[in-house]
Amino acid sequence: EGLGGKGEGGAGGVGGGVLKGRIGMDRLMAVGHSFGGATCLTACNSDLRFKACAVFDVWLFPLSLAMAHATLRIPTLFLVAETFDNLWPKEGRKVLDGFLRRARASGVPIEAFKVIGSRHQNFSDFPVLAPGFTQALGMAGPTKPSVVIEVANKCAISFLLHNHESTEAVTWMDSAMSFLGIEKPSLSLIFSSSLLN
């Protein structure tokens, strides 16, 4: 017996159970960090049920050559740490720049920002659980870890919902700023300039 309850299917099957009819399998969205971000990019580009994607300090090295040169087909948000270029010097930036360039050329909504004062581990829960320890070891950046994870999560939620239930009157960034309770002029305190420039 798994999440699906008794009978056929269980947790991994398609049978009855508590999740039946509660997951919109035709309108999936994905969020991932590091290797999970690379996994999300690959899944979203190959499975048409995915409608939007957000990745946090994505580790681009594990992507297949074909995926690294693919045109992203769905709205995608990249939030990266200030140390992004340290993960895979030069090559990671080339892959990301290629994704941005090809998506823009094909008209796919894509955004990319560096989160000020963040490092790779800031996009996981470990720095939130042990902020002093992770900051002392240099695993987390100088920005308070709970702030970085809140910004990342709320921006991802706003981006994904906007691209799922788009209302042109309000941008995803306006929603995120409202969600975070900050004014647009304060945006430069959170993000360095868009990587799209």
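In strand β4, K114 stands opposite V80. The strands β3 and β4 pair in the parallel sense over six bridges, where pairing requires that DSSP finds at least two bridges between two strands. Strands here are DSSP runs of E with at least two residues, and helices are runs of H or I with at least four, both numbered from the N terminus. The model is a predicted one, in which local features need pLDDT of at least 70 and side-chain atom pairs count only at pLDDT 80 or more, while totals for chains, interfaces and linings use all residues. Residues are numbered from 1 along each chain as its sequence is written, and side-chain values use heavy atoms, with hydrogens and water left out.

**The sheet**

The protein chain has eight helices and four strands, which follow the pattern β-α-β-α-β-α-α-β-α-α-α-α along the sequence. The four strands form an open sheet in the order β1-β2-β3-β4, with parallel pairing. β1 and β4 stand at the edges with a single partner strand each, so one side of each is left without a neighbour in the sheet. From one strand to the next the twist averages 10 degrees. The pairings are listed below.

| Strand pair | Sense | Bridges |
|---|---|---|
| β1 and β2 | parallel | six |
| β2 and β3 | parallel | four |
| β3 and β4 | parallel | six |

H33 stands opposite F56 in β2, and the bridge partner of A54 is L77 in β3. β1, α1 and β2 make a right-handed β-α-β unit; right-handed means that, with the strands pointing away from the viewer, the path from the first strand over the helix to the second runs clockwise.

In a regular strand the side chains alternate between the two faces of the sheet. Buried means under 20% relative accessible area, exposed means over 50%, and partly exposed lies in between, with a 1.4 Å probe and protein chains only. In β4, five of the six residues are buried. Across the protein chain of 197 residues, buried residues make up 43%.

**Helix α4 and the cores**

Helix α4 packs on the sheet, touching β3 and β4, and its direction makes about 145 degrees with that of β4. Such angles run from 0 to 180 degrees between N-to-C directions, the axes being lines fitted to C-alpha atoms, for helices over the stretch in contact. α4 has 16 residues and reaches 23 Å from its first C-alpha to its last, close to the 22 Å expected at 1.5 Å a residue; the expected span is 1.5 Å times one less than the number of residues. Its buried residues are G92, V95, L96, G98, F99, L100, R102 and A103, and the buried residues of α4 pack against α1, α2, β3, α3 (84–87) and β4. After α4 comes G107, whose phi is positive, near 85 degrees.

The largest nonpolar core has 28 residues, and L41, L60, L63, F78 and F99 have the most contacts inside it. A nonpolar core is a set of buried Ala, Val, Leu, Ile, Met, Phe, Trp, Tyr and Cys residues joined through side-chain atoms within 4.5 Å. At least two residues of this core come from each of β1 (28–33), α1 (35–46), β2 (50–56), α2 (65–68), β3 (76–81), α4 (91–106) and β4 (110–115). α4 gives the most, with five residues. Leaving aside neighbours within four places in sequence, L63 is in contact with A38, T42, A68, V95 and F99, contact meaning heavy atoms within 4.5 Å.

Helix α7 (residues 145–164) has 20 residues and reaches 28 Å from first to last C-alpha, close to the 28 Å expected. Its buried residues include V148, I149, A152, A156 and L160. I157, also found in α7, is partly exposed, with a relative accessible area of 39%. I157 and S175 are 18 residues apart in sequence and 9.4 Å apart in space, C-alpha to C-alpha.

E82 lies in the loop between β3 and α3 and counts as partly exposed at 41% relative accessibility. Not counting residues up to four places away in sequence, E82 touches K114, V115, I116, G117 and S118. E82 and I116 are 34 residues apart in sequence and 6.2 Å apart in space, C-alpha to C-alpha.
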